[in-house]
Amino acid sequence: MPLQPPTIYALASGRPPAAIAIVRVSGPQVPQVLERLCGRLPQPRTATLVTLTSPGTGPIDQAVALWFPAPHSATGEDVAEFQLHGGRAVIAALFAALEKIDGLRPAEPGEFTRRAFENGKLDLTEAEGLDDLIHADTDRQRRQALRHLQGLLGHRAESWRAQIIEAMALIEAGIDFSDEGDVSTELMAPALARVASLRTEIEETLAASAQSERLREGLQVAIAGPPNAGKSTLLNRLARREAAIVSPHAGTTRDIIEVHLDLDGYPVTLIDTAGLRDASDPVEQEGVRRARARAEAADLVLWLDEAESNATPLAGEVPLWRVRNKIDLAGKVGASTGGSDPAFAISAVTGEGVDQLVAALVGFASDYFGGGEAALVSRARHRVLLTETVAALKRAEDRAGQGDEIVAEELRIAIHAVGRLLGRVDVEEILDSIFREFCIGK
Ligand SMILES: Nc1nc2c(c(=O)[nH]1)N(C=O)[C@@H](CNc1ccc(C(=O)N[C@@H](CCC(=O)O)C(=O)O)cc1)CN2
Ligand SMILES: Nc1nc2c(ncn2[C@@H]2O[C@H](COP(=O)(O)OP(=O)(O)OP(=O)(O)O)[C@@H](O)[C@H]2O)c(=O)[nH]1
Ligand SMILES: [Mg+2]
């Protein structure tokens with residue numbers, strides 16, 4: 001008898017207690033599980049009210065049961081779902097009943113999706129899209145993730161792979177059939193033309209990759225400036241919660257504090273940093289070092305300062321906006337208005353001027369991301385593999401004079417790289433790392 005995969009189960013819905021909890025079960029023993037707990041098999045793909053009962057322990061809950069017979073399910077295996085009351089003890093009682101059945105075990109994070117991948121329901125870029133969809137915080141992130149889940153990159157990559165394979169087949173056919181071991185130019189020239197146009201297409205796709213990676217990860221905006229300028233106060237106001245400690249003592253913030261904002265659908269990671277000064281305290285010195293490093297790696301720095309000052313902001317190429325804070329005090333202390341004009345004047349305490357700053361940040365994000373709708377390459381993994389593909393295609397074109405075997409070999413490298421993007425080759429090493437990131441129950 002062939003070895004059966006274990007049947008897995010997990011809570012697929014959010015943290016209990018909740019109104020309803022969904023427990024998913026996937027694997028060959030699903031029909032048996034349903035008969036045992038519901039007393040019968042529900043109609044396929046039909047929500048059915050059942051009293052869940054475990055032999056020997058009595059009723060567990062009144063619940064809705066669903067059966068998706070293989071292969072027409074999310075995982076491609078037999079799948080059962082129990083939609084039960086979302087109390088901790090209810091879920092625990094169902095888990096206890098499932099645990100007692102031989103051949104069942106709790107699912108690892110991402111294991112349902114991994115089975116969907118292994119059964120050909122999803123390619124790897126679609127599985128990544130699914131993970132991104134679950135973690136999407138903003139509407140634009142959701143739209144990008146859904147496009148990936150629906151195969152926007154996957155289908156494109158399949159077609160690239162098929163075309164490179166065709167070009168290689170042309171060349172290899174020529175090698176096999178020619179007497180001298182050289183492909184006639186009638187075969188080689190069209191194959192190379194196809195390679196060149198494919199390369200251009202992949203390069204164009206790659207050009208938009210920085211934006212879509214940022215759309216996944218969030219645009220990095222660092223608040224920097226001298227101690228006590230009100231950086232943490234501004235962060236808290238923008239985050240609408242007390243994420244950072246504020247105090248009248250200079251040198252309050254030492255660690256980097258990050259909050260995630262949804263600015264009109266654009267994801268922005270706002271970073272609060274230690275006030276920059278020559279600190280003597282070694283802990284503060286480390287804070288200042290980290291603050292500089294983060295500000296230099298950011299996409300935008302908000303340089304916050306009280307009144308006008310000539311403090312030299314950071315060196316480097318990061319765009320920097322000068323923001324003068326504490327304008328609520330200006331009247332009282334008669335702050336001078338000399339010096340370089342700040343782009344923004346705000347009070348982080350009263351909120352004055354903050355709306356204009358936020359509007360400008362939305363404008364910055366919108367310029368940064370552009371339309372962004374067609375961006376395909378949302379992860380470093382995609383970018384690296386497509387860059388390898390382009391490089392191999394380029395070498396194939398450049399080395400056409402050096403022999404057909406060499407061209408064919410470069411095309412093979414390109415096919416391999418696209419295959420890895422789709423998860424068709426070399427999968428074990430990457431699968432573990434990708435699926436580990438998923439939630440349990442997915
Ligand atoms: N209750 C519930 N809701 C859910 C899911 C789930 O598993 N359970 N999903 C989990 O991710 C998502 C929906 N994804 C799904 C993907 C495929 C199939 C499915 O049955 N596919 C079959 C039949 C397709 C059809 O009839 O058109 C198939 O692919 O053969 C079901 C859900 C989101 N909502
Ligand atoms: N009046 C007034 N006080 C402010 C304003 N913004 C911040 N403060 C006060 O300034 C002091 C320092 O604020 P923080 O937000 O801790 O300053 P910081 O820049 O984070 O300071 P470090 O973390 O030490 O670098 C606190 O007492 C705040 O209440 C403002 O707009 N107006
Ligand atoms: Mg601070």
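**Exercises on a ligand and a sheet**

In this predicted model, a polar side-chain atom of E81 lies 2.5 Å from a nitrogen atom of ligand 1.

**Exercise 1.** Decide whether the approach of E81 to ligand 1 is a polar contact, and find how much of ligand 1 the protein buries.

Solution. Begin with the cut-off, which asks for a pair of N or O atoms within 3.5 Å. The 2.5 Å between the polar side-chain atom of E81 and the nitrogen atom of ligand 1 lies within that limit. Next, turn to the exposure of the ligand: taken alone, ligand 1 exposes 680 Å², and the protein buries 46% of that.

**Exercise 2.** Find which side chains bring an N or O atom to an oxygen atom of ligand 1, and describe the shell by class.

Solution. The side chain of R45 has an N or O atom 3.1 Å from an oxygen atom of the ligand, and for the side chain of K121 the corresponding distance is 2.8 Å. The residues surrounding ligand 1 also include R24, F68, H72 and K442. Sorted by class, this shell holds 3 nonpolar, 2 polar and 5 charged residues.

**Exercise 3.** Explain why one side of β8 and of β12 has no neighbour in the sheet.

Solution. First write down the order of the open sheet, whose 6 strands run β8-β9-β7-β10-β11-β12 with mixed pairing. Because β8 (257–263) and β12 (344–345) stand at the edges and have a single partner strand each, one side of each is left without a neighbour. Finally, look at β12 itself, which runs parallel to β11 (residues 320–325) and is joined to that strand by 2 bridges; within this pair, V323 has F344 of β12 as its bridge partner.

Technical notes:
Residues are numbered from 1 along each chain as its sequence is written. Chains are lettered from A and ligands numbered from 1 in the order in which they are written. This is a predicted model: local features need pLDDT of at least 70, side-chain atom pairs count only at pLDDT 80 or more; totals for chains, interfaces and linings use all residues. Side-chain values use heavy atoms; hydrogens and water are left out. A residue is near a molecule or strand if one of its heavy atoms lies within 4 Å of it. A polar contact is a pair of N or O atoms within 3.5 Å; within protein, one must be able to donate a hydrogen and the other to accept it, and residues adjacent in sequence count only if both atoms are side-chain atoms. Accessible areas come from the Shrake-Rupley method with a 1.4 Å probe; for residues, only the protein chains shown count as cover. Ala, Val, Leu, Ile, Met, Phe, Trp, Tyr, Cys and Pro count as nonpolar, Asp, Glu, Lys and Arg as charged, and the others, Gly among them, as polar. Two strands pair if DSSP finds at least two bridges between them. Helices (H or I, at least four residues) and strands (E, at least two) are DSSP runs, numbered from the N terminus.
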